[in-house]
Structures are given as structure tokens and as C-alpha cells.
Amino acid sequence: MLSISMMIDDLIPPTAPIFAPISRRTMQVILRFATVFREQGHELYLVGGPVRDLLLERAEANDFDFATDALPAVTQELGREAGATSIFTIGERFGTIGFAFPEDAETGEAGFVFEITTYRSEEYPDETRKPVVQHDVTLIDDLSRRDFTINAIAADPVSGDLIDPFYGQADLAMGVIRAVGDPDERFNEDPLRLLRAARFVAQLGFRVEHETQAAMARQAESLNRISVERVYLELTKLLCGDFAGAGLDVLLETGLLTVAMPELQPLERDALIVDRRGRAREKDLWTHTKLVIEQAPARPVVRWAALLHDAAKPLTRSIDAAGEVHFFGHEREGAILSARLLKRLKADKATQQSVFHIVDDHLRPAMYSPDWTDSAVRRLMLDAGDDLDDLLDLVAADVTSAREQKQRAAAERIERLRVHIDRLNAEHALEQFQSPLDGTALMAMFNRPPGRWIAEIKEHLRELVIDGELAPGDTERAAEIARELVGDGAGNRPQATGSGETNG
């Protein structure tokens with residue numbers, strides 16, 4: 001068996017320009033695999049996304065997808081012969097064998113993964129959406145089952161020759177997402193492809209070909225056959241794309257927006273009213289939302305919060321006697337909407353909680369002014385916790401006015417808030433700004449069981465610490481105040497003097 005180091009030393013010069021972005025070490029491993037497969041009478045082609053990205057000269061990936069005519073058991077054996085030591089067979093039932101190569105200890109070059117899948121055609125035995133391994137399937141058959149022409153290109157690892165039966169290179173050149181063959185059939189085979197089309201628009205800045213988009217609209221309801229976990233992952237990738245706004249437009253135009261996220265029906269209705277009537281509104285909410293998303297850092301929590309931060313405005317819209325439009329409470333209603341949506345999509349708990357808090361608090365930093373006291377800023381910092389950076393990034397992105405002066409003023413306001421926060425962080429560790437007495441100490445003091453009374457006392461003591469009226473470690477004074485509160489019933493606590501701040 002050949003070791004990785006032996007494979008690296010076995011210098012096989014790459015000959016095809018298409019593979020130029022791939023590192024020398026990785027290319028040597030690819031060529032060793034291709035040579036071993038060929039010597040045993042089997043084909044091995046690089047396929048799908050890696051070929052597309054190489055043709056687009058996008059950043060080198062660490063995952064490579066290959067297709068072969070060898071059955072999985074043979075693929076495993078040939079992989080070992082080619083020098084692989086880490087082999088994964090979790091996808092063997094569906095024809096896929098994985099090979100992992102670790103980081104290079106000498107150069108620090110990142111590790112990479114191969115997945116080699118036996119040629120297959122798009123036949124599903126049941127509703128699992130998992131294709132079965134079939135015999136007598138050719139490379140062309142395998143490419144014909146793929147979703148879009150730009151993903152139905154294969155490359156010979158040795159010669160660099162491209163096999164492109166569906167003219168994917170032409171669609172790459174034109175920036176077009178086009179289904180392979182009959183688009184209705186492709187989407188019926190796997191409805192997740194409906195979201196993948198919009199996701200590729202968001203990531204690549206392409207447009208969807210007319211017949212393909214028409215089929216997306218016809219097949220939109222079939223997305224309900226897909227697990228919500230897979231829907232959530234695709235939507236997250238879409239939102240993190242450089243052209244997320246264009247991807248969202250595709251969802252809106254095909255009806256997929258509220259099939260995937262029915263909680264956004266009010267936002268969809270608002271967007272369609274603007275689009276169909278061309279009315280001059282107080283603000284085009286849909287356009288604003290897309291701009292905020294694209295201006296926000298491409299981190300999932302921030303992008304989800306950007307999508308949802310104003311989603312409840314149509315539910316809270318009111319007009320006063322003077323004709324002024326208001327959206328009172330839209331931040332709290334939006335937070336509740338976000339919690340409902342992300343819980344249904346089974347997003348991880350941390351994301352659900354962070355998005356809720358960011359949407360709920362997104363108006364507070366925007367109200368910052370130089371007269372805010374240190375205690376007001378500390379309270380914002382403590383309330384935001386680990387979500388503070390994401391919250392500030394959203395608020396900075398939430399300025400889409402065409403007036404340059406307004407943009408500059410908003411940017412300066414958030415920058416001053418960041419400077420204020422940095423100063424406070426340098427002066428004090430935020431951990432100090434907590435109640436000097438914890439629940440255990442309070443229960444021991446009063447010989448009482450746990451209950452709401454503990455939270456009320458701790459909150460009052462915390463407010464005094466934030467306002468500088470109680471030292472963080474002054475347990476004696478804290479105990480005196482606690483006794484006063486318990487004497488008052490611990491439910492009618494006196495108010496902290498506070499700073500009088502009104503930052504909401």
C-alpha cells in the first residue's frame with residue numbers, strides 16, 4: 001500500500017489548465033486515483049459542483065465529487081490501492097464511498113475529501129428521495145440525472161477533457177440556471193432542486209432560464225415533500241450568498257417564498273402589492289429587506305435576522321390622524337414570528353434564540369446618542385450578551401436610504417456606539433455587573449425555597465450595580481437591600497434610580 005507521503009513524492013505533472021487552481025499535493029492524489037482506476041479497467045471522472053467552480057475560476061474547494069463505473073466494493077479496494085487510509089462507507093448503500101486525506105503536517109496545507117459514486121440514473125424506489133445503485137449505467141446516463149446543466153459537466157482527471165452533453169459550459173458563459181432535460185421531471189424527482197435553483201442564483205448571480213422558472217412555479221407545492229431540515233439548510237445557503245436578494249426574488253416570483261416559509265405571507269403580500277400596483281409607499285419593504293440582507297455580513301444568524309427584522313411590519317402598520325405611518329411593536333412581533341418560523345424549520349436552538357433576541361432588540365442601538373450614560377450602554381451589552389456583535393452588524397446594515405447624509409449619520413452613530421462599548425470593555429469586565437448575591441446565597445439567608453422572588457431580588461441588585469449604586473462585590477450592602485425587599489414582600493420592590501435612559 002502506498003502512503004500519502006509516497007504519493008506526494010511521486011511527481012505526476014498536471015497537464016490540464018482547468019486543474020491549475022488545485023494544489024500540487026491534491027492533484028497528485030487525484031491523478032494517482034485516476035491511474036489506479038484506469039489500470040483496472042474503470043472510469044473515474046470529476047463531476048458536478050467542483051467542475052463548475054473550476055470553470056468559473058472560483059476558490060479551490062476541499063471536497064471533490066467523482067463518478068465511476070466501478071461498484072462500491074471495487075471502489076473501496078481501488079482506493080486502498082491508491083493509498084487511502086481513511087475510508088467512509090456511510091453512503092455505500094447509495095453507491096458513495098468517501099476518502100479523507102488529513103492536513104499536511106509539513107506544509108500545513110488543508111486536508112481534503114473525495115467522494116466517489118457509482119454511476120446511477122434518477123430512479124427512486126420510495127419516498128426517501130435516495131437513488132439506488134444500478135448496473136449498466138453510463139457516464140452520460142449519470143449526467144442526465146443531475147439537476148442543472150452547469151452541474152452536469154464531467155472532467156477527465158488525466159487529460160482535462162470535458163464531457164458536456166447538455167451544454168453546461170454555454171450556460172456558465174451566459175450566467176443561466178437551466179434544468180437538465182424536462183424541468184418538471186427534474187423537480188418532481190427531487191423537489192429540493194426548487195430551492196437549489198434559487199440558491200445558485202444567490203451564490204453565483206445567475207438568472208433562471210424561463211422554462212425552468214415556469215416549472216418551479218408549477219412544482220412549488222411539491223417542496224412540502226422535503227424534510228424541513230433540508231429546506232432550512234438550503235435557505236441558509238441562499239441567504240448567505242453574495243446575491244441573496246436575487247435569490248429571494250426567484251422565491252417570490254415562483255411562489256416558493258411562502259411555501260418554504262409560510263410565516264412570511266404578510267411580507268410576500270406586501271411585496272406583491274408594491275410590484276403589481278407600482279405604488280409609491282412609505283418604504284418598499286421588500287427592496288429594503290433585500291438590501292439589508294446583502295449589506296449584512298454573510299453569517300447565518302445575521303442574515304436570518306436581516307430577513308426577519310421587519311417581517312412583521314405589515315402586521316403592525318397603522319396610520320395616525322396626521323397621516324403618519326407607524327409600525328408600533330413590529331420588533332417584538334417580528335421576534336415572535338422568527339421564533340415560530342425557525343422552530344418549524346428545526347433550526348438549532350442557538351440560532352433560534354439569537355435571531356429572536358436580535359430582531360427583538362434591533363431598534364435599540366439605532367437610538368444611540370452621545371448623551372447615553374455608561375449604565376445605559378452596559379445594560380444594552382448585558383442584554384445582548386453573545387449576540388452583541390451580530391446585533392450591531394444588523395443595525396449597521398439596516399440603513400438603506402438613498403440620501404448619503406442619512407447613511408453617513410447612521411454609520412457614525414453605530415461607530416460611536418462601538419467605541420463606547422470598547423471603552424467600557426477596557427475599563428471593566430462585564431462579569432462584574434451581576435448581582436453580588438446568587439440564588440443559593442439568597443435561599444440560605446431567608447431559609448426559603450426557590451421561586452420568582454429570587455429573580456426579582458437579583459434583578460434589582462443587578463440594576464443597582466449597572467447604575468454604579470452598588471459595588472459588584474459588596475455582599476453586605478446587597479444583603480441589607482435584599483432584606484429590605486423581602487420585608488416589602490419581594491414583589492413590590494423599589495425602583496432603581498437608573499439613568500433615565502429611554503433607549504427601548
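This is a predicted model: local features need pLDDT of at least 70, side-chain atom pairs count only at pLDDT 80 or more; totals for chains, interfaces and linings use all residues.
1. The buried residues are Ala-244, Gly-245, Gly-247, Leu-248, Val-250, Leu-251, Leu-252 and Thr-254. Just after H11 comes Gly-255, with a positive phi of about 80 degrees.

2. Next, the strands. S2 covers residues 63-68 and pairs with S1, residues 44-47. The two run antiparallel and are joined by 3 bridges. Within this pairing, Leu-46 stands opposite Phe-66 of S2. S2 also pairs with S5, residues 112-118. Here the strands run parallel, and 6 bridges join them. Ala-67 has Thr-117 in S5 as its bridge partner.

3. The aromatic pairs deserve a careful look. The whole structure holds 13 of them. In one, the ring centres of Phe-33 and Phe-114 lie 5.2 Å apart. Their planes meet at 85 degrees, so this pair is edge-to-face; the cut-off for that class is over 60 degrees. Phe-33 belongs to helix H2 (residues 24-39) and Phe-114 to strand S5, so the contact ties together parts that are 81 residues apart in sequence. Both Phe-33 and Phe-114 are buried.

4. Phe-114 has a further partner in Phe-66. That pair is also edge-to-face, at 5.1 Å centre to centre and 65 degrees between the planes. Phe-66 sits in S2 and Phe-114 in S5, so the pair ties together parts that are 48 residues apart in sequence. Relative accessible area is 3% for Phe-66, which is buried. For Phe-114 the value is 0%, so this residue is buried too.

5. Two arginines sit over aromatic rings. Arg-199 lies over the face of Phe-200, at 4.7 Å from the ring centre. The charged end of Arg-448 is placed over the ring of Trp-453, 4.5 Å from its centre.

6. Turn to helix packing. H15 (residues 300-308) and H18 (residues 349-361) pack with their axes 9 Å apart. The angle between them is about 50 degrees. Roughly parallel would require an angle under 35 degrees, and roughly perpendicular one of 65 to 115. H15 and H18 are therefore oblique to each other. Their crossing is right-handed.

7. Lys-349 is placed in H18. Is this residue buried or exposed? Its relative accessible area is 59%, so Lys-349 is exposed. Lys-349 and Ala-339 are 10 residues apart in sequence, and their C-alpha atoms are 9.9 Å apart in space.

8. Thr-289 and Asp-398 are 109 residues apart in sequence. In space, their C-alpha atoms are 8.5 Å apart.

9. Some backbone angles need checking by eye. Glu-57 has a positive phi of about 55 degrees although it is not a glycine. Where is Glu-57 found? Its place is the loop between helix H3 (49-55) and S2. With 68% relative accessibility, Glu-57 counts as exposed.

10. Lys-346 also has a positive phi, about 60 degrees, and is not a glycine. Lys-346 is located in the loop between helix H17 (330-344) and H18. Its relative accessible area is 54%, so Lys-346 is exposed; the cut-off is over 50%.

Definitions and conventions
Residues are numbered from 1 along each chain as its sequence is written. Side-chain values use heavy atoms; hydrogens and water are left out. Two strands pair if DSSP finds at least two bridges between them. Helices (H or I, at least four residues) and strands (E, at least two) are DSSP runs, numbered from the N terminus. Buried means under 20% relative accessible area, exposed over 50%, partly exposed in between (1.4 Å probe, protein chains only). Rings of Phe, Tyr and Trp (its six-membered ring) pair if their centres lie within 6.5 Å; planes under 30 degrees apart count as stacked, over 60 as edge-to-face and the rest as tilted. A charge sits over a ring if NZ of Lys or CZ of Arg is within 6 Å of the ring centre and within 35 degrees of the ring normal. Axes are lines fitted to C-alpha atoms, for helices over the stretch in contact, and angles run from 0 to 180 degrees between N-to-C directions. Angles under 35 degrees count as roughly parallel, over 145 as roughly antiparallel, 65 to 115 as roughly perpendicular and the rest as oblique. A crossing is left-handed if the near helix is turned anticlockwise from the far one by less than a right angle, and right-handed if clockwise.
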